[in-house]
Amino acid sequence: MSSSTGGRRRSEDLVARAREELTAGSEHPDATTGAGPDPVRAAEPVPPPAGTARFGPRTLLVPAGIVALVALRVVFGDALRARIDESACAWTGCTGTGMAAVGWLLMTLPVLWAVVAVVLWARLSAPARVGAVLLGLAFLLVAWVHVPGRRSALDLLLDGPAAGALATGIRWGGVGAGLAVVAVLVRTVRADGGRRPARGPVGPALVAVALLGTLAVALVRAEAPPVTVAEAMPERTFEAAGDTLRRTGGKDLRGCAGVLAGDVLDGCVRTVRVTYTTDDSDAVVHLAAVLYPGVRAARDRRGQLPRGTAQLGIPAGETITVSSTTGSWVVLSSVGHADGRSIADAERGYLLWAAKQVAYRFIGRQVGLLVDPSAGDGIGPRTP
């Protein structure tokens, strides 16, 4: 009895254990139930992360922008540089400090824009990012057209009465841009190397100091162009071809209002007006030099002047007026007797001789070479 009872209990225990194992197997996550995936069907493909499908075409913007930049530089570089420099002359009046500041800004603006774009990049929408890149490439093109090649010099690349001041600003702007780039690279390398950055905005402060320091140096070192009486005709008296001429008046004008009647001088930037008299106080020369943004504008305007147009704002009396161009200047010279009397035919030669001496003095200051005029074509001293 006892042995049969014990055997029955063992068989009951085995059955109970088998039931527990079957129940646990049916609840295992790997069990093949109706709710699980079909073991015969292939696994579903994993979709790519959001944004990767659009990232590929966008990467083509950079090489496409570089190619377009090179093409624009080759085709439109000279015309673009001339237009920018002429506009800067018109805005600043061709002053030394103004043109130096423009030259500095031409070189530093791409770097400044790149810093701003990097800081705000995460907040910009997709169209805004494209616009930021295109604007940065435009700033880079403007700077590039002012960088001379291997076989040219910056002084030969630029033109205009304030070319020296513009070149000074470009050189120091390049130095400032280079220092800013170096500061950013050093800070980036330190961050990638795991070094703890200094507390506070030390990096931006160093970049700002480098940029503002080079701007200050450019403004101090910029030479004053000969666009004012003090620079273009500084001498109270000067000698030319044996004569002594004395300045009796001079003033600077922003624009050219009151020089000629009407708007025949429209588009001018500034005007230098001086009056000189000869040592015998007989001939009086009134010179008005009108500055234009470019050489072509000056020549076009001079070609439209009526022949013998008299200047306004000079004492009454008969005068002889001649016009010419030198660089971006239209030069008007009006000469007559000190007492305003009529001019005889025999007197025209020596009156125009005095006007020629003053005009040569002005032109010599513009080109940096003072040369006395030579007599000819009936124009010469009264007593040869």
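Which strand holds the place of arginine 247? It's strand β2, which covers residues 243-254. Keep in mind that everything shown here is a predicted model.

**View 1. Arginine 247, a buried charge without a salt bridge.** Arginine 247 sits in strand β2 and counts as buried.

**View 2. What the side chain of arginine 247 meets instead.** A polar atom of this side chain lies 2.6 Å from the backbone oxygen of methionine 233. Setting aside neighbours within four places in sequence, arginine 247 touches a run of residues that includes Met233, Pro234, Glu235 and Arg236. Val229 is also in contact with arginine 247, and so are Val274, Thr275 and Tyr276.

**View 3. Arginine 296, out in the open.** This arginine belongs to helix α10, residues 295-303. Is arginine 296 buried or exposed? It's exposed, because its relative accessible area is 67% and the cut-off is over 50%. Serine 328 is 32 residues away in sequence, yet the two C-alpha atoms are 7.6 Å apart.

**View 4. Zooming back out to the chain, with 11 helices and 6 strands.** Of the 384 residues, 34% are buried. Take the contacts between residues at least 6 apart in sequence: 65% of them join residues at least 24 apart. The chain exposes about 23300 Å², with carbon and sulfur atoms supplying 60% of that area.

Technical notes. Residues numbered from 1 in each chain as written. Predicted model: local features only at pLDDT ≥ 70, side-chain atom pairs only at ≥ 80, totals over all residues. Heavy atoms only, no water. Helix = DSSP H or I, 4+ residues; strand = E, 2+ residues; numbered from the N terminus. Buried < 20%, exposed > 50% of the residue type's maximum accessible area, 1.4 Å probe, protein only. Lys, Arg positive; Asp, Glu negative; His and termini not counted. Salt bridge = Lys/Arg side-chain N within 4 Å of Asp/Glu carboxyl O. Polar contact = N/O pair within 3.5 Å; in protein donor to acceptor, adjacent residues only side chain to side chain. Contact = heavy atoms within 4.5 Å. Areas by Shrake-Rupley, 256 points an atom, 1.4 Å probe, with all protein chains shown as cover.
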